[in-house]
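This report walks through a protein structure for a reader who has not seen it before. The sequence and the structure come first, and the description follows.

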Amino acid sequence: MTEDFKGRIGNLIRDARIHRGLTQQQLAERLQTSQSAVNRIEKGHQNLSLEMVARIGSALDSEIVALGAGPTHLRVTGPTTLSGQIDVKTSKNAGVALLCASLLNRGRTTLRKVARIEEVNRLLEVLGSLGVQTRWIGDEGDLEIIPPKELDLSSIDEAAARRTRSVLMFFGPLLHRADTFELPYAGGCQLGTRTIEPHMAALRPFGLEVKATEGFYHATVNRVVEPSRPIVLTERSDTTTENALMAAALHPGTTVIRNASSNYMVQDLCFFLQRLGVVVEGIGTTTLTVTGQAEIEVDVDYAPAEDPIEAMSLLAAAIVTESSITIRRVPIEFLEIELAVLEDMGFRYDRSAEYVASNGLTRLVDLTTHPSLLAAPLDKIHPMPFPGLNIDNLPFFALIAAVAEGQTLIHDWVYENRAIYLVELNKLGAQVKLLDPHRVMVEGPTRWTGTEIVCPPALRPAVVVLLAMLASKGTSVLRSTYVIHRGYEDLAERLNQLGAQIETFRDF
């Protein structure tokens, strides 16, 4: 192995380990080796056999270091000017929530135009292992879900469950289906304990108790316990709110949820629950009142709304490439703050009249972008719970700030390490200075130059790097792009339809 190759592999392993929330010592224990050996591997100072690379991939459950047919890479030729029209796909986060919510229904659930992404594929594998029948209908992404009379919780697909964090949302529906059950979780106990507590605080009023040991959540349900007062969420989390909603849906009484998220995927879930016959009041606010049913068995047909994060991705693609494109079916209610910030920076665009999504409720518009001279905003850019700037849209502002004149402070206060990955833009010519794990200072404008980068192990920063490559002079390579496929359906192909030059390839 050349020193350069060993170094690249070491960086991959280090990033995947950090993404999983493991220390070098914890990874060493999984590999039955020493912490010093892991340190040498990550610094590129250790020869690695194919067997060891495979063991590391298994220990980290990471496609980044997988073998087999080899990971997927993208080769981008730039700079690119985009043109044409593109429709926003349905929401990834709403889609996974609705798949979990289908467990509430003993009848047939049909979901329309579900995003065919890896996160959805993993959940379908988990549902299939429980005895749920799922099948794609036609070529539009329609999905039919038929549950068995009794779920086979003892046969859950552990490998698939460990590759999706969304399996955490099985707690809400499953606590009504079994007195005891187990769910696998990804990462070490430290990650599991830190992640699950807000969910447990929301679900204990329904009698759920969970212990995390040996890679599993062990759940028991006390049927005597019922909510006796409003449930106050300790943090306004999307998935915690969804779990509480699903638990309340099968509780034959009235449950009040306060400090609830009112974000786009939560609203979609509320609309779906209404189709199931559940009464949900306060949609779009932070107080939800849910009157559930003891049993739900209906044939339901529902179309999740479009994805505001994908819409923001496409806006960023147009801005960084100085292109005029029309982005159709944009859920405007969930992008108004982002557009207001962009307008303050000098962004110019046209906006159509509003119309409704297929669910009959979400407001959509078409946006046509225009090449614009941007200036850094006077204030920092930071996320807030809805209706504030969406946390998942924040990384795209680092990319946009890189083409604006002046300095922009980006404050990612929610996640511990995500801002770190934004400095990858420096390899393409940007000036992104990491101030601390939560803040970066971006100075523009940028003269982008192509290079080779290993895909960051975080979804939105990975897409940010790909979009920067569209504007970069020459050929760029983005390696190991599984994380993008987790959250976007055919993104490279769809960008190519707008004029991008992106080639998918594998090493072997």
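Glutamate 125 is partly exposed because its relative accessibility is 33%; buried means under 20% relative accessible area, exposed over 50%, and partly exposed in between, with a 1.4 Å probe and protein chains only. This is a predicted model, in which local features need pLDDT of at least 70, side-chain atom pairs count only at pLDDT 80 or more, and totals for chains, interfaces and linings use all residues. Residues are numbered from 1 along each chain as its sequence is written, and side-chain values use heavy atoms, with hydrogens and water left out.

Glutamate 125 forms a salt bridge with arginine 122, and their closest N and O atoms are 2.8 Å apart. A salt bridge is a side-chain nitrogen of Lys or Arg within 4 Å of a carboxyl oxygen of Asp or Glu. Arginine 122 counts as buried because its relative accessibility is 10%. Both residues of this pair, arginine 122 and glutamate 125, lie in helix α6, 3 residues apart, which is about one turn of the helix. Helices (H or I, at least four residues) and strands (E, at least two) are DSSP runs, numbered from the N terminus. An α-helix has 3.6 residues a turn, so residues three or four places apart point the same way.

Helix α6 covers residues 118-129 and has 12 residues; from its first C-alpha to its last it reaches 17 Å, close to the 16 Å expected at 1.5 Å a residue. The expected span is 1.5 Å times one less than the number of residues. Its buried residues are Glu119, Val120, Arg122, Leu123, Leu124, Val126, Leu127 and Ser129. These pack against α5 (92-101), β4 (133-137), β5 (142-146), α7 (158-161) and α16 (482-487), where contact means heavy atoms within 4.5 Å. After α6 comes glycine 131, with a positive phi near 100 degrees.

**Other salt bridges**

The structure holds 26 salt bridges. Three of them are listed here.

| Salt bridge | N to O distance |
|---|---|
| Arginine 122 and glutamate 125 | 2.8 Å |
| Arginine 494 and glutamate 310 | 2.9 Å |
| Arginine 418 and aspartate 412 | 2.9 Å |

Arginine 494 is in helix α17 (residues 491-497) and glutamate 310 is in helix α12, so this pair ties together parts that are 184 residues apart in sequence. Arginine 494 and glutamate 310 are both buried. In the pair of arginine 418 and aspartate 412, arginine 418 counts as buried because its relative accessibility is 9%, and aspartate 412 is buried with a relative accessible area of 3%. Salt bridges with shared partners also join Arg108, Arg135, Glu144 and Asp299 into one network.

**Aromatic pairs**

How many aromatic pairs does a search of the whole structure find? The search finds 6. Rings of Phe, Tyr and Trp (its six-membered ring) pair if their centres lie within 6.5 Å; planes under 30 degrees apart count as stacked, over 60 as edge-to-face and the rest as tilted. The ring centres of phenylalanine 171 and tyrosine 217 are 5.6 Å apart and the planes stand at 65 degrees, so this pair is edge-to-face. The pair links distant parts of the chain, with phenylalanine 171 in helix α8 (residues 171-174) and tyrosine 217 in strand β8 (residues 216-221), 46 residues apart. Phenylalanine 171 counts as buried at 0% relative accessibility, and tyrosine 217 counts as buried at 5%. Phenylalanine 347 and tyrosine 349 form a stacked pair, 5.4 Å centre to centre with 20 degrees between the planes; both residues are buried. Phe171, Phe181 and Tyr217 form one aromatic cluster.

**Helix α14 and strand β18**

Helix α14 (residues 394-401) is mostly covered, with 8 of its 8 residues buried. Its buried residues pack against α12 (308-320), α13 (336-345), β18, β20 (439-444) and α15 (459-470). Strand β18 holds threonine 408, which is buried with a relative accessible area of 1%. Leaving aside neighbours within four places in sequence, threonine 408 is in contact with Ala376, Pro377, Ile381, Ala401, Val440, Met441 and Val442.

Valine 414 sits in the loop between β18 (406-411) and β19 (431-436), and is partly exposed with a relative accessible area of 37%.
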